[in-house]
Amino acid sequence: MGDAKNTTATALQGALVDLIDLSLVAKQLHWNVIGTNFRSVHLQLDEVVTLARTYTDTIAERLSALGVNADGRSATVSKNTKLTQPESGWIESGKVVATMTDILGGISARMRERMDLTEKSDQATQDIIISVIQDIEKQHWMFQAMS
């Protein structure tokens, strides 16, 4: 694999892991949120899950289009995730909001690094990553506004 293709594949695989785990963590929080802001946080988490699942498919298909296998296996995600994992049990809505704000901020930072890496290696991939950033940062703002 050439340098440009390798750079692009690495960026996409990292994005895939972030987005798969984001969908899992957001759903876990969705099921276990309690407290005064339950309904708004519960519904906002569903938006995050939908966003993550949609972009997961887009990223995986981009890898395939480049001739690279997407690796979304649970073992791969577990081994490579950078996301903070929520505690077990019921979680108060304020803590869920703080957790999601931190998680989305971290994903945004990593996606921006990937955006920079793919500027020269593959601008079509960079364009996809820019779209992910826009939606992740919108969700980040929405969770920040809840705190």
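Visitor: Where is the place of Q44?

Guide: Q44 sits in helix 2; helices here are DSSP runs of H or I with at least four residues, numbered from the N terminus. Before we go on: this is a predicted model, where local features need pLDDT of at least 70, side-chain atom pairs count only at pLDDT 80 or more, and totals for chains, interfaces and linings use all residues. Residues are numbered from 1 along each chain as its sequence is written, and side-chain values use heavy atoms, with hydrogens and water left out.

Visitor: Is Q44 buried or exposed?

Guide: Buried means under 20% relative accessible area, exposed over 50%, and partly exposed in between, using a 1.4 Å probe and protein chains only. Q44 comes out at 9%, so it is buried. Leaving aside neighbours within four places in sequence, Q44 is in contact (heavy atoms within 4.5 Å) with Q139, M142, F143 and M146.

Visitor: How about S93, which residues is it in contact with?

Guide: S93 belongs to helix 4 and counts as buried at 1% relative accessibility. Beyond its neighbours within four places in sequence, S93 touches V33, I34, G35, T36, N37, F38 and V41.

Visitor: At what angle do helix 1 and helix 2 pack?

Guide: Two packed helices are described by the angle between their axes and the distance between the axes. The axes are lines fitted to C-alpha atoms over the stretch in contact, and angles run from 0 to 180 degrees between N-to-C directions. Helix 1 (residues 3-32) and helix 2 (residues 38-65) pack at about 155°, axes 8 Å apart. That makes helix 1 roughly antiparallel to helix 2, a label for angles over 145 degrees. The residues of their contact divide into 17 nonpolar, five polar and four charged.

Visitor: And what is the angle for helix 4 and helix 5?

Guide: About 160°, again with an axis separation of 8 Å, so helix 4 and helix 5 are roughly antiparallel to each other.

Visitor: Which residues touch the most other members of the largest nonpolar core?

Guide: A nonpolar core is a set of buried Ala, Val, Leu, Ile, Met, Phe, Trp, Tyr and Cys residues joined through side-chain atoms within 4.5 Å. In the largest one, with 40 residues, the answer is L19, L22, L45, M100, M111 and I136. Helix 1 gives the largest share, eleven residues. As for I136, its contacts beyond four places in sequence are L19, L22, L51, L104, I107 and S108.

How values were computed
Helix = DSSP H or I, 4+ residues; strand = E, 2+ residues; numbered from the N terminus. Parallel < 35°, antiparallel > 145°, perpendicular 65-115°, else oblique. Nonpolar A, V, L, I, M, F, W, Y, C, P; charged D, E, K, R; others polar.
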